[in-house]
Amino acid sequence: MAGATGWWRARSRRCARRAFVLVALDDFGTGYASLAHLLNVPVDIIKIDQSFIARLWSDDPSMVIVEGLIEIAAAWASA
């Protein structure tokens, strides 16, 4: 079943790109926009929720979360 999901995701992304459509995941990190969506939805853009972005100071824990999300997104994009 995992192979079928990967096949669907790859095909969906190709079809969307041919139509010049990008899929964005808004408010990532809160509510329904979670890590599970990266496994099931062919996402091109991840918009990290404002509650994390508004507090980006080097000593704030949100900095670690945002850096982690960026690393996850980069690794997912190259997979």
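Leu69 is buried, with a relative accessible area of 12%, where buried means under 20% relative accessible area with a 1.4 Å probe and protein chains only. This is a predicted model, in which local features need pLDDT of at least 70 and side-chain atom pairs count only at pLDDT 80 or more, while totals for chains, interfaces and linings use all residues. Residues are numbered from 1 along each chain as its sequence is written, and side-chain values use heavy atoms, leaving out hydrogens and water.

Leu69 lies in helix H4 (residues 61-77), helices being DSSP runs of H or I with at least four residues and strands runs of E with at least two, numbered from the N terminus. Leaving aside residues up to four places away in sequence, Leu69 touches Phe28 and Ile48, a contact being heavy atoms within 4.5 Å. Ile48 is 21 residues from Leu69 in sequence, with 8.1 Å between their C-alpha atoms.

Leu69, Phe28 and Ile48 are among the 9 residues of the largest nonpolar core, that is, a set of buried Ala, Val, Leu, Ile, Met, Phe, Trp, Tyr and Cys residues joined through side-chain atoms within 4.5 Å. Strand S1 (24-28) and H4 are the elements that give two or more residues to this core, and H4 provides its largest share, 3 residues.

As for confidence, H4 has the highest mean pLDDT among the elements of the chain (84), whereas helix H1 (residues 2-18) has the lowest (66); pLDDT is the predictor's confidence in each residue, from 0 to 100.

Notes:
Buried < 20%, exposed > 50% of the residue type's maximum accessible area, 1.4 Å probe, protein only.
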